[in-house]
Amino acid sequence: MALLDDLPNVDSRLFKAPNHETLRLPSSDQPAPKILLLYGSLRERSFSRLAVEEAARLLNAMGASTKIFDPRGLPLPDAEDSSHPKVDELRTLAQWADGMVWCSPERHGAMTGIMKAQIDWIPLALGGVRPTQGKTLAVMQVCGGSQSFNTVNQLRILGRWMRMVTIPNQSSVPKAFMEFDDNGRMKPSPFYDRIVDVMEELVKFTLLVRERSDLLTDRYSERKESAEEVSKRVNQRAI
């Protein structure tokens, strides 16, 4: 596999790219799964960004299309109008994506404000469209010290609030400064293997969910609300 040439830590004999056939899905003319990756640090040597870059390489090798959002220049929520170029870029990418990867450092026992600001700028509804509802999500975190799961747990809560299908697997990389080499590439380790697992699972869930998203997110309360609005409009007096 040519795409594995840039993945020296991966054993090509064991690597499997999920597809419709392996998942026993009917053939589809849909494009490759589109995955947006967000990270939560502006440092020049940002380990959350490096982890996301590794994740993107793996996703590409599995046949997915990826885009990484650079949070540099994104204003604080409500500090600018939503027409701000970085806000518009983020929201456009959120609508483009079939799934997402969120990766944040853990700072003071929680995700960073940079990570939370990106999620806060993605609205629950945008022009009548819910940009995240029914889309898949994988959560990751990098730690400066011992392994922790505070951040991934918080990200899971946000994913649920954004009505996303958050996959069961997750990644937490302890002492991240020891896990990347001078070229910014992740060293071989069980922590790297876990990221492979998470990305493989994300592609599987995205393929399984993507073409059923409308069905899975169809709700009684929303159908009822829509019917009531139609009834009001149809039965109102002519002006």
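This is a predicted model: local features need pLDDT of at least 70, side-chain atom pairs count only at pLDDT 80 or more; totals for chains, interfaces and linings use all residues.
**E1 and E2.** I started with the pairing of E1 and E2: four bridges join them, and the two strands run parallel. Strands here are DSSP runs of E with at least two residues, helices are runs of H or I with at least four, and both are numbered from the N terminus. I count two strands as paired if DSSP finds at least two bridges between them.

Residues are numbered from 1 along each chain as its sequence is written, and side-chain values use heavy atoms, with hydrogens and water left out.

Next I checked how covered E1 is. Six of its six residues are buried, so the rest of the structure largely encloses E1. My cut-offs are under 20% relative accessible area for buried, over 50% for exposed, and partly exposed in between (1.4 Å probe, protein chains only). Lys34, Leu36 and Leu38 sit on one side of E1, Ile35, Leu37 and Tyr39 on the other, and all are buried.

**E5 and its neighbours.** I asked myself which strands pair with E5. E3 does, in the parallel sense over seven bridges. E6 (residues 165-166) also pairs with E5 in the parallel sense, over two bridges. E7 (residues 171-173) is joined to E5 by three bridges, again parallel.

Glutamine 141 of E5 stands opposite serine 104, and its bridge partner in E7 is serine 172. For threonine 136, the bridge partner is valine 165 in E6.

E5 is another enclosed strand: seven of its seven residues are buried, so the rest of the structure largely surrounds it. From E5, Thr136, Ala138, Met140 and Val142 point one way, while Leu137, Val139 and Gln141 point the other way.

**Helix H1.** I did a quick length check on H1 (residues 47-61). At 1.5 Å a residue, its 15 residues should span 21 Å, and the end C-alpha atoms are 21 Å apart, which agrees. The expected span is 1.5 Å times one less than the number of residues.

How many residues of H1 are buried? I get 11 of the 15, so H1 is largely enclosed by the rest of the structure. Among them are Phe47, Leu50, Val52, Glu54, Leu58 and Leu59. These buried residues of H1 pack against strands E1 (34-39), E2 (65-68), E3 (99-107) and E5 (136-142), and against helix H5 (190-210). After H1 comes glycine 63, with a positive phi near 95 degrees.

**Helix H3.** In H3 (residues 113-121) I found Met115, Ala117, Gln118, Ile119 and Trp121 buried. Their cover includes E1, helix H2 (85-96), E3, strand E4 (110-111) and helix H4 (150-161).

**Glutamate 106.** I then zoomed in on glutamate 106, which lies in strand E3. It is partly exposed, with a relative accessible area of 21%. Leaving out residues up to four places away in sequence, glutamate 106 touches Gln141, Val142, Ser148, Phe149, Asn150 and Thr151; contact means heavy atoms within 4.5 Å.

Two side-chain polar contacts went into my notes: 2.9 Å from glutamate 106 to serine 148, and 3.1 Å from glutamate 106 to asparagine 150. (A polar contact is a pair of N or O atoms within 3.5 Å; within protein, one must be able to donate a hydrogen and the other to accept it, and residues adjacent in sequence count only if both atoms are side-chain atoms.) Glutamate 106 and valine 142 are 36 residues apart in sequence, but 6.5 Å apart C-alpha to C-alpha.

**Whole chain.** Last, I stepped back: the protein chain has seven helices and seven strands. Buried residues make up 46% of its 239 residues. Of the chain's contacts with a separation of 6 or more, 77% come from residues 24 or more positions apart. The C-alpha trace spans about 70 × 45 × 30 Å along its principal axes.
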